[in-house]
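This briefing is meant for a reader who is meeting the structure for the first time. Please look through the sequence and the model shown here before turning to the notes that follow.

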Amino acid sequence: MTSSQLLSIITFVYAAAGFAYLAGWIFKKDLPGKIGTGLAVAAVVGNLGGILLRWRESYALGIGHAPLSNLYESLVFFALTIGLLYLYLEYRYHNRTIGAFAMPLAFLAMAYASLTPIISDRIQPLVPVLKSNWLIAHVMACFIGYAAFAIAFGVSIMYFFRGSGGAQPDSLLQRLPSDKILDELTHQLVMFGFLWLTAGIITGAVWANSAWGRYWGWDPKETWSLITWLIYAALLHFRLMRGWRGKRIAMLSVVGFMAVLFTYFGVNLLPGLHSYGSFGG
Amino acid sequence: MRSNTKQLPGFFDGLWQFFASVKLTVVVLLALALTSIIGTLIPQNQPLEEYYQAFGDFLFRVFAVLDLYNMYNAWWFQLLLALLILNIIVCSIDRLSSLSKIVFVRHPRFSLKRFRKAKPNHSFRAPGDADTLLETYQAVVKRHFRYQRVETVDGATCIYAEKGRWTRLGVYVVHFSIVLLIIGAMIGSLFGFEGFVNIPEGEGTDTIRMRNNPALGMRLPFEIHCDDFHMETWPNGAPKLFRSSLRLVQNGKTIYQKDIVMNDPIRFQGINVFQSSYGELPPDRRAQTGADNDRVPESFDLQLTSADSGMTYTKTARIGDAIDLPEGLGSFTVEEYVPDMQFGGQDLGPALRGRLNPATGEAREVTLPLRFPNFDKMRQGKVVIAVANTPNERFTPPSPTEKRYYTGLQVTRDPGVSVVYLAFIMMIAGCAITFFMSHRQIYVELGAAGQVRVAGIANKNPLGLERHIERLADHLAAATEDG
Ligand code: HEM
């Protein structure tokens, strides 16, 4: 089996895990939730296996490099970090309903990578500018950050769910974590993501300086990552103002994640050339 | 007069409060985010004629007044940055004076009232006499907290302890790093330069052109000689390696020598020389012998891939031909052959330029670099066009005399980089401290009849504190059982 085939299968394991979590939540049963956890663990293990296999395949092709060099590979890594981060949260907060919101995000990332024809899953050789350890650090840091923002987005959506439905004792919302915990969780995830995004932008700057002799050039992709960073910095400061917790923070977390998505997918529509991610498409 | 002297301090006080407020921070951060978008929608620092053509007379003037063609250097954008810096400095001074009373003291203050009201708390009964209990508990607390002291209040004995006082400074490290970052960037723009130069193999020069104003030349303190340019390609035609063998020459003497590749530049006397691009010399600069295998092909095979069906079709066209696109997607005209296509400051090598007339939507210019068959995918249009007769064989000419390359070098000097890197390190460290560490204070109260109470307060992360208190209470209870 090739890594691409394995990863296509994993796509559906993520979907199945999402459905199991959803079923556990809707039917208020423990068993589907436990199955969800099993599937999520399987998906994460398979996802990691797929990445390692792909790494080996690239060496077999004689163009060996870490599998973090194009859109396909970064999406697969994105799904892995979402899966890992989610499982940690499940372990830490003992609540499986978050899985019903987080697993679909991992599924979407994998589905976009594996199932759409515009994204090539071929292992491509590295063009010279991408031969840098800073690049590997850059991609990993960015995607760990993006994964945290993605789950924060999921948690913020949960927050809106809760807000709209009241809390009758038998409602579905009863099983969601309390709005206070959701708010706290959003904050924790945004802080975690902010740290990694900061590290991602910094390693990117160091890479650019080693490749082109400038650490910042206001190219659209750089600028959009800065815009994302500024939005989340604003979110962190909004929390310091009285009365701005809860709903408005959740809203900003949604806006921030939209900026993440635009940084990643939208920027290629803009005029300009960011060598990473466009040639590789 | 009198009321004036009274108002003045009030006015400055108000101004101070304005610049110290977090509201201003949020407004400025979001304003920076929003305005930054403009510069990604309007390509920056292009020739003015292009803006004029794209926007028309009126918009062109409006945008020019607002400096939107170089907006990240525009006065209003720099003003926003200055506001941010002022905000950070005033806010930090404002808070540091009260914070220093918490952080820079020998004996921290503990408030029994706050501990007694604190939410995460545990109570249990412990056997034994108060003195041995105190001793055992002090030993346990010592393992978790660096600072502790014992006080007797209202007949109860309390162990106070704390740790992580200094972590309150983390956020100031973050804020200071922003100031440092901007100072470093200013040093770079005041005392540094960013230039480029193309040097043919076997030649040298000491004059480079400025990146932001190519008409402007600059003399370097040495000459750069390119002895050899070497490139390798992957089987699919993508570049694998470019390497220039360079020599720096001063007063006729070679003072430095190095082969540079991408990501491994020359750094010499504060000046950096980077491999950034390459290209073929135009025919008139080339040795005359046998250069004819390099002439422009008569016709080009175009591969047309439909995004909807995924099907690929091949059609042949000459310069000036218009071809119909498959699946009724419109038509495409091949307009010209460009030997050295420049795109976003990169040299893409030979390329075709053409005009795409889609079935729906507006006609647009399309660039098809021969070496990058995937290039047109970036456009994300309904049809992806690639030139199929990618002349891979051109990269390994049978005889080196037939073809000459020039190496494209980026030459920069930036004395602010070390300041910026220091800011980077501080920013990461400060964020890590601020986000994941906290200032925690706890107390253990030994009341009458072996009643023990453990409680704590922290400046953040209440959930973490709760677990911490729980663990500590367990340890304490266990210690007395053993004793
Ligand atoms: C790009 C600029 C800035 C960045 C990256 C930044 C970053 C941060 C971070 C990461 C935190 C910690 C937030 C948390 O614990 O949740 C923070 C807190 C804070 N920031 Fe900023 N900040 C910036 C600008 C400013 C400015 C201009 C001010 C001026 C008023 C300011 C005032 C504060 C205050 C008062 C706190 C809370 C400190 C505390 O918890 O004691 N920040 N900032």
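Gln410(B) belongs to strand E18 of chain B, which covers residues 405-413, and in this predicted model the side chain of Gln410(B) makes a polar contact of 3.3 Å with the side chain of Glu194(B). Because its relative accessibility is 4%, below the 20% limit, Gln410(B) counts as buried.

- The iron atom of the ligand has two protein donors, the NE2 atoms of His237(A) and His175(B), which lie 1.9 Å from it.
- Since His237(A) is part of helix H7 of chain A and His175(B) is part of helix H7 of chain B, the pair joins two chains.
- The arrangement around the iron atom of the ligand is octahedral, because the six donor atoms subtend angles of 86 to 179 degrees.
- For comparison, the ideal angles for six octahedral donors are 90 or 180 degrees.
- His237(A) and His175(B) are both buried.

- His187(A) has a polar side-chain atom that lies 3.1 Å from an oxygen atom of the ligand.

**The shell around the ligand**

- There are 22 residues around the ligand, and those that come nearest are His237(A), Thr25(B), Ile88(B), Cys91(B) and His175(B).
- Sorted by class, this shell holds 14 nonpolar, seven polar and one charged residues.
- The element that gives the most to the shell is H4(B), with five residues.

**Helix H2 of chain B**

- H2(B) is made of 20 residues and reaches 30 Å from its first C-alpha to its last, which is close to the 28 Å expected at 1.5 Å a residue.
- Buried residues of H2(B) include Val22(B), Leu24(B), Thr25(B), Val28(B), Leu32(B), Thr35(B) and Gly39(B), and Thr25(B) is also among the residues that come nearest to the ligand.
- In general, residues three or four places apart in an α-helix point the same way, because there are 3.6 residues a turn.

Definitions and conventions. Residues numbered from 1 in each chain as written. Chains lettered and ligands numbered in written order. Predicted model: local features only at pLDDT ≥ 70, side-chain atom pairs only at ≥ 80, totals over all residues. Heavy atoms only, no water. Near = heavy atom within 4 Å. Polar contact = N/O pair within 3.5 Å; in protein donor to acceptor, adjacent residues only side chain to side chain. Helix = DSSP H or I, 4+ residues; strand = E, 2+ residues; numbered from the N terminus. Nonpolar A, V, L, I, M, F, W, Y, C, P; charged D, E, K, R; others polar. Expected span 1.5 Å × (residues − 1). Buried < 20%, exposed > 50% of the residue type's maximum accessible area, 1.4 Å probe, protein only. Donors = N, O, S within 2.8 Å, 3.2 Å for Na, K, Ca; no water. Tetrahedral: all angles 85-135°; square planar, octahedral: opposite > 155°, others 65-115°.
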